[in-house]
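Dear colleague,

Please find the structure below, with its sequence. My notes on it follow.

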Amino acid sequence: MSVLGRQVVNNSSYEIYAYDILYRSEGEDIDSNDLSISASSVATVLNDFGLENVVGHYKGFLRVDTEFLSNSIMNTLSKEQFTLMILQSSFLDKSLVPKLQKLVKKGFKFGLNDSVINSSTINAVVTLLKYVSFVKIDVLNSDEVYVNKLIEYLKSKNKKIIASKIETHEVYDIYKEKGVDYFQGYYLKRPNIIKTTAFNASQTQILELWKLIKNNASTKEIVSELEKNHALTLKLMQFINSSFFSFRTQISSMSQIINLLGRDALANWLLIFMVSEKNKNGPVNHPLLLMVINRTEVMVNLLKLVKPSSSMEERSTAYLVGMLSLIHLLFQMEHREFLHKLRVSDEVEEAMFEAKGFFGQLLVFTRYIENADAAHINEYIKKYNLNKDDTNRIITQAMVKVNEFDRMIKESY
């Protein structure tokens, strides 16, 4: 099976600049740099996924080799939206420079992908700089001495620098200090955890409302509690009436929201609002917030595929497990401490920490999808007797939902 994925490339303020598009086939090494997207794969993405769904309104980075550059599929690519990132395995190909000369004149933009910089490779990188706008440096496997020399040289040539494989905030801080323009890596998912024991007043109010819903309070009690927080009520109304939810009628009352969304769904969305209350000037760690939305969408839609007869309660649990597996990072709280504040069930906690039970396995499946791990995805497809096309459709649907949520967030601030 082949599977599509994308990783965020963001600036030093955690704002998304582009998506790095991955297209993996079963058996490919998940850590390989040579994850090129072949011409046939681009055709598949164009036809089955729609590149506009994959990148939304952001830039797209496509990993390519010299063979790709000779294919007629090049004529279908948007020169404004996509940058073609040349794989390091093609740097020394004698046919590369002549191809770049012709394509740059036609208006295509290029970059160098995940370059491992050392004494053996730095000259090849410098030779190609005339034709590229971006250089992505694999900071995990490069020689720091040569990286420092290259960064200074790139800045003197006004080239944009992307530091990739940033695993920790310590490494992120180092490369931010060096003047790198963009960043890519798992540090977004694993920020420094600053232990905290208290929420602010608005967050506490939302948490109490969340608990009220979970404790089966009456609709009248829930509406009464909501109306005590006018800012939350207005924000909730604005979100519910956005394109993300796509309700056919305009929502004008809190009772309508409860009836249309359902109690559990409303409770889960309140956790998102708790995050937004952390910072009145905008969403906290925006790329990570989008990861939360992606994970919950994939979790719920996988449940519907695996178990078509699933109840609303089961779908709510799938959503909650997906959300709570990441959202503690947005609050910068230790995971179990955050869950204990919410008083979640043992089933939910064990799903996240021990991968136990049906929802635990669903979460594992979802994580493989996020990493575009084709081999393990295929194992779970066989385990649950799923259709591969349906699984790819779920991936695309989640991307579309994330793009819609992204627009909704931007319109709200």
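The model is predicted, so local features need pLDDT of at least 70 and side-chain atom pairs count only at pLDDT 80 or more, while totals for chains, interfaces and linings use all residues. Residues are numbered from 1 along each chain as its sequence is written, and side-chain values use heavy atoms, without hydrogens and water.

The largest pocket holds about 630 Å³ of space. Its lining comprises 22 residues, with Leu261, Ala265, Val300, Met312 and Tyr319 nearest the centre. Helices H11 (254-261), H12 (263-276), H13 (286-306) and H14 (312-324) each supply at least two residues of this lining. By class, the lining of the largest pocket has 10 nonpolar, five polar and seven charged residues.

About 390 Å³ of space lies in the second largest pocket. This pocket is lined by 18 residues, and Trp210, Lys214, Asp264, Leu320 and Ser345 are the closest to its centre. At least two lining residues come from each of H8 (201-214), H12, H14 and H17.

Helices H16 (residues 335-342) and H17 (residues 346-353) pack at about 165 degrees, with axes 11 Å apart. H16 is therefore roughly antiparallel to H17 (angles over 145 degrees count as such). In their contact (heavy atoms within 4.5 Å), His335, Arg336, Leu339 and His340 of H16 meet Glu349, Met352 and Phe353 of H17. The residues of this contact divide into three nonpolar, two polar and two charged.

With kind regards

Note on methods
Axes are lines fitted to C-alpha atoms, for helices over the stretch in contact, and angles run from 0 to 180 degrees between N-to-C directions. Helices (H or I, at least four residues) and strands (E, at least two) are DSSP runs, numbered from the N terminus. Angles under 35 degrees count as roughly parallel, over 145 as roughly antiparallel, 65 to 115 as roughly perpendicular and the rest as oblique. Ala, Val, Leu, Ile, Met, Phe, Trp, Tyr, Cys and Pro count as nonpolar, Asp, Glu, Lys and Arg as charged, and the others, Gly among them, as polar. On a 1 Å grid over the protein atoms alone, a cavity is a set of points where a 1.4 Å probe fits but cannot get out, and a pocket is an open set with protein on both sides within 12 Å along at least five of seven lines; lining residues have an atom within 4 Å of a point. Grid points are joined across faces, edges and corners, and a volume is the space filled by probe spheres set on the points.
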